[in-house]
Amino acid sequence: MTTRYRPFTHEGIAYGCDYNPEQWTPEVWDEDIALMREAGVDLVAINIFGWAHVQSGPGEFDFTLLDDVIARLHAAGIRVNLGTGTSSPPAWLTRAHPEVLPMAADGTRRFPGGRQAWCPSSPVFRSAALALVAATAERYGAHPAVALWHVSNELGCHNALCYCDVSAAAFRRWLRERYETLAALNGAWGTAFWSQTYHDWEEILPPRATISSRNPGQVLDFHRFSSDELLSYYRAEADVIRARSEVPVTTNFMVTAHIDSLDYWSWAGEMDVIANDHYLDHRLGDPTTELSFAADLTRGLAQGAPWLLMEHSVGAVNWQPLNKPKAPGEALRNSLTHVARGADGVCFFQWRASVQGSEKFHSAMLPHAGTDTAGWREVVELGGILDRIGEVAGSRVVAEAAVVFSWEAWWASQNESRPSSHLGYLDKVHAAYGALHALGITVDVVAPGAPLSDYRLVVVPGLHLVSPADAAVLTDWARDGGTLLVTFDSGIVDTADRVYTGGYTGPFREALGVAVEEFAPLAPGEPLTLSSGRTATLWSERGRATTAEVVDAFVDGPAAGSPALTRNAWGEGAAWYLATLPGAADFRDIARRVAADAGLIGRADDLPDSLDLVRRRRGATDYLFAINHGPDAVSVAARGDELVTGSTAGGTVTVPAGAVRIIREEATA
Ligand code: GLA
C-alpha cells in the first residue's frame with residue numbers, strides 16, 4: 001500500500017465537531033461560535049449534508065449561507081473541515097432522476113426521505129454531485145479558513161451494496177477486467193456447482209435475493225466490486241477538488257463494529273489524512289476495548305502516522321436498540337484513548353443537539369439542557385486538556401505486537417452457509433485483541449502481507465481467507481525468529497474462496513505443525529473443557545498435531561482428544577495454534593504465555609487490567625498515557641512532567657479512578 005499523506009497542518013491536537021448551522025438561525029450561530037471558543041473548538045465540519053441548501057436545481061447554486069458561516073468561523077479563528085455536501089441527494093434531483101435511488105437485493109428501490117439514497121454506480125448521480133463539488137471547490141478552494149476537504153460522508157454507510165441494473169452493468173465491467181474470460185470467472189466462482197455456469201457475460205447479475213443460498217464467490221466479488229466502486233467515486237470527487245485547491249482531502253471512515261462495507265486497506269493510500277468515526281457499541285460485550293481496537297486499526301490504515309478522529313459522541317447515540325449515556329468522565333477517557341492510540345484530533349458528532357430530525361435524541365457537545373450541565377463542563381474540560389497536551393501531536397505509538405486484520409476475510413467468513421452462524425469474524429478478532437489488551441500489550445493492526453520486522457509477536461485471528469503469498473509473509477517471519485499465534489478458522493480458503501485441501505489451516509499448516517480434519521462447532525452454552533482445566537465455547541475441531549507440541553487438548557465435546565492449543569518450534573521462531581474460543585480470562589492466560597514466548601511482558605502484575613497504558617514517542621521523548629477505567633486510584637511508575645494536571649512525577653504518578661494522566665518521559669528504548 002502506497003500512501004499520499006499530505007497531513008493537514010494543525011497546531012497541537014485539533015478539537016472539533018460536525019456543525020449543522022442550517023438547522024438554526026444566525027442569532028444561534030453567534031452563540032455557537034462564542035461557546036466554541038469557550039470550549040476550545042478549533043476545527044468544525046460543515047456542509048456535510050448541505051446539498052439542498054446550496055443548490056435548488058440544475059446549475060442553481062446559492063452559497064450565501066455557507067459564505068456567512070465560513071466568514072464567521074474564520075473571524076473567530078476556527079478552521080473549517082469543509083464537506084462537499086454530496087452525501088444526500090436533494091429531493092429535486094431524485095424527483096427528476098429516480099433512477100439514482102439505490103436498489104435493495106430483493107429488487108425494490110429505496111425511496112428518498114432518509115439519507116445517502118444514491119446508487120454508487122449511477123453516472124447521473126455522479127455528474128450532478130461532481131458539478132456541486134466543482135462549484136464548492138471553486139468558491140472555497142483557496143479560502144484561508146479551509147483546513148481540510150471532507151468528501152461526502154461515511155461513504156457506504158447505507159448504500160454500499162446497490163443491486164440495480166446500472167450496478168449490474170458496472171459489476172459485469174468490473175468482472176471482465178478482473179477475469180478477462182468467462183472460463184476464468186466460472187472457475188473462480190465454482191459455477192460448476194448447482195448448474196450456475198455462465199455462457200455469456202450478460203447472464204451475470206449482482207447477487208440479488210435468491211430462493212436458496214447465493215453463490216459465495218459471487219457475493220465476495222460483489223463486496224470487492226462495491227468497495228472499488230465507491231473508491232472510484234471518492235477519487236472522482238477528490239480529483240475535482242485537487243484541480244481547484246491545495247488543501248488536503250479526506251473522507252470519514254467507519255472503522256467500527258458491524259460495518260464491513262469497504263476494504264479500507266485498499267482505500268487508505270488515497271487519503272491525504274486518515275480520518276475515522278467511532279461510536280461505542282453497547283451491543284458488544286466490551287465496547288471500550290473495541291474502541292481501542294478500532295483506534296489501533298485506524299492507525300494501521302495511517303501506516304502509523306497520526307490520524308484524525310472525525311466523529312464520536314459525548315454521550316448516547318440514537319441508533320442502537322438501547323442508547324446508553326456515557327458515565328461521567330467516559331467521553332474524556334474515550335477521547336484520550338483515541339489520542340493515546342495515535343489521533344491528533346478529536347471531533348464529535350455534533351456541536352449543538354438538534355431539536356428536529358432523526359438525530360434529535362443523539363448527544364452533542366452542547367446538549368438540549370444547555371451549558372449548566374455536567375456534559376458541557378466535561379466538553380470544556382476536554383478542550384483544556386487537549387490544549388495542554390498539544391506537544392503530543394506528531395508523535396507515534398510504540399508497539400511490538402501486531403494483529404492481522406482483513407476485510408476480505410470478514411466478507412468471506414460470513415458466508416450464508418458456514419459451519420457456525422454463532423461466530424462472526426469480529427468475535428474472533430475482538431477476542432484475540434481483548435486478550436492482548438487485558439495484558440496491557442499495545443498492538444498495531446496490520447493488513448495481511450504487511451511487513452512484520454518491527455514486531456516480536458503477531459496474532460492472526462480467524463483469517464479465513466488468505467493468499468498463499470500473504471500466509472508466507474507470516475510463516476517466513478516466524479521461521480526467522482518471530483512468534484506467531486494463529487487462531488481457528490484461519491487459512492481455510494484462497495482469494496477465490498476455494499478451500500485449501502489436505503487439512504485445514506492450509507498455507508499455515510506446515511508452520512503450525514497441526515492438521516485439522518473436521519470442524520466441530522458448538523451451540524452457545526454447550527460446555528467445553530480443556531485438559532488444563534480452562535473452559536472454552538462455540539468452537540472445537542478434530543485434528544492432530546503433526547510436528548507441534550500439544551499444550552492443551554479438548555477433554556469433552558465433539559472433538560475430545562484433539563489438540564486445542566499447540567506450539568510448533570518453527571525455524572528460529574515459534575508458531576502457536578489455538579483451535580477454540582477460550583473465555584476471556586483463559587484467553588488472557590494463553591496470550592500471556594505466547595507473549596512470554598515472544599519476550600513480551602505487558603503491564604506489571606500489580607496493575608489492574610482496567611488500566612490502559614500506551615506510549616507515543618517522538619525522538620527521545622515518550623508520552624506515557626495512563627487511562628484508568630477502573631473504580632480505584634492506581635499508582636503508575638513514571639518520571640517526568642504530567643501534562644493533564646501540570647505536576648511532576650518523580651517516580652510514580654497517581655491516576656485517580658476514571659482519570660487520565662499523560663507523562664512526558666525520556667524514551668526508554
Ligand atoms: C455517523 C454520521 C453522522 C451522524 C452520526 C450519529 O457517524 O456521519 O452524520 O449520523 O453517525 O452517530
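In this predicted model, a polar side-chain atom of histidine 362 lies 2.7 Å from an oxygen atom of the ligand, a polar contact being a pair of N or O atoms within 3.5 Å. The protein covers 97% of the 310 Å² of accessible area that the ligand has on its own, by the Shrake-Rupley method with a 1.4 Å probe. Residues are numbered from 1 along each chain as its sequence is written, and side-chain values use heavy atoms, without hydrogens and water. Local features need pLDDT of at least 70 and side-chain atom pairs pLDDT 80 or more, whereas totals for chains, interfaces and linings use all residues.

**Ligand surroundings**

- An oxygen atom of the ligand is 2.3 Å from an N or O atom in the side chain of glutamate 311.
- For arginine 115, a polar side-chain atom lies 2.9 Å from an oxygen atom of the ligand.
- The residues around the ligand (a heavy atom within 4 Å) include Phe49, Asn153, Glu154, Asp277, Tyr279 and Trp319.

**Sheet**

- Strand 10 (residues 307–311) runs parallel to strand 11 (residues 343–348), joined by 2 bridges.
- Opposite tryptophan 307 stands alanine 343 in strand 11.

Technical notes
Two strands pair if DSSP finds at least two bridges between them. Helices (H or I, at least four residues) and strands (E, at least two) are DSSP runs, numbered from the N terminus. A polar contact is a pair of N or O atoms within 3.5 Å; within protein, one must be able to donate a hydrogen and the other to accept it, and residues adjacent in sequence count only if both atoms are side-chain atoms.
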